[in-house]
Amino acid sequence: MTSPQNPPYGTPDAPLLTVRGEAELEVDPEIARIGITVTARGRDRRTTLDDLTRRNTTVLDLIKSYGDEVENLSTGAVSIAPELDHRGRGERVRTYHGTIHLTAELSDFTTLGELTTRLADLDLTRIDGPSWQLRPTSPVHRRARQQAVREAVQRANEYAEALGTTVAALLELADTGTPGGRPRAAFDRRAVRFSMAAAEADTETPEPLDLEPQRIQVRAEISAQFTMNPPSL
């Protein structure tokens, strides 16, 4: 609440000073996310469903075999749908197409390269990613916000010093970044996509991919309003 001594507008006795504070940090990612799409196709619905279930189980078992190195594993959309033969009349089903989408998050990027390669070597399995990210609770967000506030205070003091006076009081501090008070993070994503059929698969384990993490830009922006002691102009 604004007191009578500090009104929300400038006066000759308490000039208003509004400044902006910004911070931009470039940091290493903390987690990598990959998308896995398991596919099955066949002329019989039940056979297609059985193949899809078997391949999904194989993928899940492989991912879970890495234990705690996989921080999160979730299943997204699941679909199995008929594809009609449009060359003839009526509702003649040509084939059935089934897909399951999975998402895995890892913090060990060495494991990421190995797991990505092994998943891509499975039958009718597609890999999308990785996307490099920070955790929502990462201390980097706090560092960016605090640095933005310190910059705003420094700017206010510099402006006041230029007028031969000092900052008196803080009236308002607002996060002008993204809604919810979090700094904006721009993720540079390098997508690696695979789609391999195992008809001619090698029995040996494929060579792990060497995936280089991309650094992340984290920004924070705030605006602040201060009153100043009256300057001698």
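In which helix is Arg-142 found? Arg-142 is found in helix α3, which covers residues 139-162. The model is a predicted one, in which local features need pLDDT of at least 70 and side-chain atom pairs count only at pLDDT 80 or more, while totals for chains, interfaces and linings use all residues. Residues are numbered from 1 along each chain as its sequence is written, and side-chain values use heavy atoms, with hydrogens and water left out.

The chain has 3 helices and 9 strands; helices (H or I, at least four residues) and strands (E, at least two) are DSSP runs, numbered from the N terminus. Along the sequence they follow the pattern β-β-α-β-β-α-β-α-β-β-β-β. Of the 233 residues, 34% count as buried, where buried means under 20% relative accessible area, exposed means over 50%, and partly exposed lies in between (1.4 Å probe, protein chains only). The accessible surface of the chain comes to about 14,200 Å², and 47% of this belongs to carbon and sulfur atoms; the areas come from the Shrake-Rupley method with a 1.4 Å probe, and for residues only the protein chains shown count as cover. Contact means heavy atoms within 4.5 Å. Among the contacts in the chain with a separation of 6 or more, 84% are between residues 24 or more positions apart.

Strand β2 (residues 31-42) runs antiparallel to β4 and is joined to it by 11 bridges; two strands pair if DSSP finds at least two bridges between them. Within this pairing, Ile-36 stands opposite Leu-102 in β4. Strand β3 (residues 70-84) is also antiparallel to β4, with 12 bridges, and there the bridge partner of Val-70 is Leu-106.

In soluble globular proteins, nonpolar side chains tend to be buried together.

Leu-119 shows what such a position contacts. Leaving aside neighbours within four places in sequence, Leu-119 is in contact with Ile-34, Ile-36, Val-59, Leu-62, Ile-63, Thr-125 and Ile-127. Asn-56, in helix α1 (residues 45-64), counts as buried because its relative accessibility is 13%. Not counting residues up to four places away in sequence, Asn-56 touches Val-38, Ile-100 and Leu-102.

A search of the whole structure finds 1 aromatic pair. The ring centres of Phe-109 and Trp-132 are 5.1 Å apart and the planes are at 80 degrees, so the pair is edge-to-face. Rings of Phe, Tyr and Trp (its six-membered ring) pair if their centres lie within 6.5 Å; planes under 30 degrees apart count as stacked, over 60 as edge-to-face and the rest as tilted. The pair links distant parts of the chain, as Phe-109 is in helix α2 (residues 109-120) and Trp-132 is in strand β5 (residues 125-133), 23 residues apart. Both residues are buried.

Two backbone features belong to this region. Leu-124 lies in the loop between α2 and β5 and has a phi near 50 degrees, a positive value in a residue other than glycine. Leu-124 is partly exposed, with a relative accessible area of 34%. In strand β5 is Pro-130, and the peptide bond from Gly-129 to Pro-130 is cis, with omega near -5 degrees.

Helix α3 remains. Its 24 residues should span 34 Å at 1.5 Å a residue, and its end C-alpha atoms are 35 Å apart, which agrees; the expected span is 1.5 Å times one less than the number of residues. The buried residues of α3 are Val-140, His-141, Ala-144, Ala-148, Ala-152, Ala-156 and Ala-160. An α-helix has 3.6 residues a turn, so residues three or four places apart point the same way. The cover over the buried residues of α3 includes β1 (16-27), β6 (167-175) and β9 (216-228). Arg-142, by contrast, counts as exposed because its relative accessibility is 54%. The C-alpha atoms of Arg-142 and Ala-220 are separated by 9.3 Å, although the residues are 78 apart along the chain. Just after α3, Gly-164 takes a positive phi of about 75 degrees.
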